[in-house]
Amino acid sequence: MDMQKIARYADFIRRSFKANDDVRDSRLAYPDGIRSICDIKYSDKDILNVLDIYYPAVEQPTYKTIVNIHGGAYVYGDKERYKFYCMYLASKGFAVVNFSYRLAPESPYPAALEDVNSVFHFIADNYTQYKFDIENVFEAGDSAGAQLAAQYVAILTNDKYRQHFNFNIPEIKIKGCLLNCGMYDLKKQFETGAKNKKMFQAYFQGREGEYADHLLTLEAVNENFPPSYIMTAYYDFLRDDGVEFAEILKKNGVKYSFRMFGDETTQDMSHVFHLNIRTNEAKLCNDEECEFLFSL
């Protein structure tokens, strides 16, 4: 495997995604009333293992809590790129945990998944200090972050699947999920190849055979999977993945809401449109998702 090519790919993704995100977030300001605690260390594995917590304006004894897992093709992203989106969720009445995790190719699979587990350990160990309502912890993720979110929940809720992972699982239950514009079937991605080949080369670096049992996330979904809001968009290149995942939840009797935003006339309704909180469409989506979590 040509690691120089992989490094060049990661550099290209980081530069191009950052340019788009800079435009999206330009001139955005912190919303009134949101309180934050920033740069909390949640693991000693890497300098990247830090998180922020945002709280709504109205103080409460405890807060229903959303843990957000950012996207970025496993090679890009951090908490800074998601702060305005996470603050918007906090403005709806939640404490929101926004964290950075180790990225490929510098830290290949399963580093990102291990960091997700570390964040939930942090929540389980520190819920009193940070006023997390431990009975109302939710998970959100988009794109690659939605894949990580679904895989982690499958680990928590399927005993057989969990045996393939050398994880110390925290004493915590995820009450509901927001899965946005996600790619969920890792096995299919390797079998069908092409579209995301470079991304998976960066993420797995030729070791997918070693982790073959890890790729079976869809087979691991069962009736214990928490209620989930599955979102995609008409021009989302991962639209079919969301449709398929919703069908799997339905088959397993899991409570879910499926929403595809836009139609053939709305080309701006595409992958992860919900992060552009300037738009009415993003606000509508995010408001609906918060209402879904409050209904659980």
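## Basis of the model

The structure is a predicted model, in which local features need pLDDT of at least 70 and side-chain atom pairs count only at pLDDT 80 or more, while totals for chains, interfaces and linings use all residues. Residues are numbered from 1 along each chain as its sequence is written, and side-chain values use heavy atoms, with hydrogens and water left out.

Side chains of opposite charge can pair when their charged atoms come close. A search of the whole structure finds 18 salt bridges, each defined as a side-chain nitrogen of Lys or Arg within 4 Å of a carboxyl oxygen of Asp or Glu.

Lys79 lies in the loop between β3 (63-69) and α2 (83-91) and Asp39 in strand β1 (residues 35-41), so their pairing ties together parts that are 40 residues apart in sequence. Helices (H or I, at least four residues) and strands (E, at least two) are DSSP runs, numbered from the N terminus. Lys79 is buried at 4% relative accessibility, whereas Asp39 is exposed at 53%; buried means under 20% relative accessible area, exposed over 50%, and partly exposed in between (1.4 Å probe, protein chains only).

Lys79 also meets Asp52 in a salt bridge of 3.1 Å, N to O. This second pair links the loop between β3 and α2 with strand β2 (residues 50-55), the two residues being 27 apart. Both Lys79 and Asp52 are buried. A network of salt bridges links Asp39, Asp52, Lys79, Glu80 and Lys83.

## The end of helix α1

Arg24 pairs with Asp21 in a salt bridge whose closest N and O atoms are 3.2 Å apart. Because Arg24 and Asp21 are 3 residues apart in helix α1, about one helical turn separates them. Arg24 is buried, with a relative accessible area of 13%, and Asp21 is buried at 11%.

Asp25 belongs to helix α1 (residues 3-25) and counts as buried at 12% relative accessibility. Beyond its neighbours within four places in sequence, Asp25 is in contact (heavy atoms within 4.5 Å) with Arg81, Phe84 and Arg278.

## A nonpolar surface patch

Val243, Phe258 and Met260 form a nonpolar patch on the surface, with about 210 Å² of accessible area together. Patches are made of residues with over 30% relative accessible area and no salt bridge, like charges being joined within 9 Å and nonpolar side chains (Val, Leu, Ile, Met, Phe, Trp, Tyr) within 5 Å. Accessible areas come from the Shrake-Rupley method with a 1.4 Å probe; for residues, only the protein chains shown count as cover. Val243 is found in helix α9 (residues 239-251) and is partly exposed, at 36% relative accessibility.
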